[in-house]
Amino acid sequence: MVAVQSNNVSVVNEALNEIHVEEEDYDRLRESIDLHHNFDQIGLAQKIEKHELLEMRRVAAYIFKKEGKWKHSIVLSKKDKIYKDATETISKSGDRCKYKTVVVGNPTIGIGHGSEALTYTGKKECFAWCLFVCYDLIRADVVLELAWINDMIDFAFPYLVQFIRECTRKVDELIKDKIETQKEVKAKEQEEKEVIAQQNMYAQLLPLALPAPPMPGMRGGFAPPPPMAVMGMPPMPPFGMPPMGSY
């Protein structure tokens with residue numbers, strides 16, 4: 001069956017996983033789970049979550065974490081006091097609002113939201129580990145308050161340095177974006193002013209419009225009205241009577 005497991009057949013995977021469970025070979029069981037996912041993973045986790053062997057229960061918590069069953073995985077790790085696994089599961093979940101009373105330290109470090117974002121009554125090393133792994137889930141003001149109350153500033157200092165560094169970087173980026181925006185606005189305004197100034201310059205260089213010259217025979221710029229023929233008669237001369245025709 002090991003030779004054909006690469007085909008990732010569910011029947012073969014489940015049979016081999018069953019053998020690994022019976023033999024309590026948790027290393028090969030975890031390897032099988034990672035490499036061949038085609039089987040009832042939740043069913044296997046539910047079957048071994050109460051196994052007498054601690055490492056088997058850790059495999060169950062690992063399967064729940066892989067399947068997104070964060071709360072169930074954390075509960076199992078808490079129960080066995082595997083706080084490292086619980087902390088990593090919380091970090092993997094990326095949810096700061098869901099687990100308000102999760103214990104991830106020894107005896108107690110809780111991660112959640114608001115005033116319950118972090119509580120401490122135990123080892124300082126666990127507190128530092130929690131800050132490192134769950135950095136994105138913990139509010140800086142809660143960390144600073146808790147570290148000051150419990151005399152753990154030294155253990156919280158790496159977290160605070162990283163937090164200040166990120167805040168400084170974000171502020172620098174915002175200032176840079178604002179300066180670039182202002183430069184673009186000023187450049188656009190300057191371009192519009194230059195266009196208007198260029199248009200005014202062209203208007204000043206153009207010659208003034210002159211009246212049209214008078215036509216030949218025009219008096220005072222106006223031409224006499226055209227002669228009109230009345231009843232077929234030729235136009236009258238400027239002076240005297242029109243010529244009489246022969247009888």
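Modeller: Let me begin with the axes, which are lines fitted to C-alpha atoms, for helices over the stretch in contact, with angles running from 0 to 180 degrees between N-to-C directions. The helices themselves are DSSP runs (H or I, at least four residues), numbered from the N terminus. This is a predicted model, in which local features need pLDDT of at least 70 and side-chain atom pairs count only at pLDDT 80 or more, while totals for chains, interfaces and linings use all residues. Residues are numbered from 1 along each chain as its sequence is written, and side-chain values use heavy atoms, with hydrogens and water left out.

Biologist: Why is α1 called roughly antiparallel to α2?

Modeller: Helix α1 (residues 10-22) packs against helix α2 (residues 26-35) at an angle of about 160 degrees, their axes being 8 Å apart. Angles over 145 degrees count as roughly antiparallel, and therefore α1 is described as roughly antiparallel to α2. The crossing of α1 past α2 is left-handed, a term that applies if the near helix is turned anticlockwise from the far one by less than a right angle.

Biologist: What makes the meeting of α1 and α2 a contact, and which residues are in it?

Modeller: Contact means heavy atoms within 4.5 Å, and in this pair N17, H20 and V21 of α1 meet R28, L29 and S32 of α2. The residues of that contact divide into two nonpolar, three polar and one charged, where Ala, Val, Leu, Ile, Met, Phe, Trp, Tyr, Cys and Pro count as nonpolar, Asp, Glu, Lys and Arg as charged, and the others, Gly among them, as polar.

Biologist: How do you know how α4 is oriented against α5?

Modeller: The two pack at an angle of about 160 degrees with their axes 7 Å apart, and that angle makes α4 roughly antiparallel to α5. Their crossing is left-handed. On the α4 side the contact is made by A60, A61, F64 and K65, and on the α5 side by W70, H72, S73, L76 and S77; by class, it has five nonpolar, three polar and one charged residues.

Note on methods:
Parallel < 35°, antiparallel > 145°, perpendicular 65-115°, else oblique.
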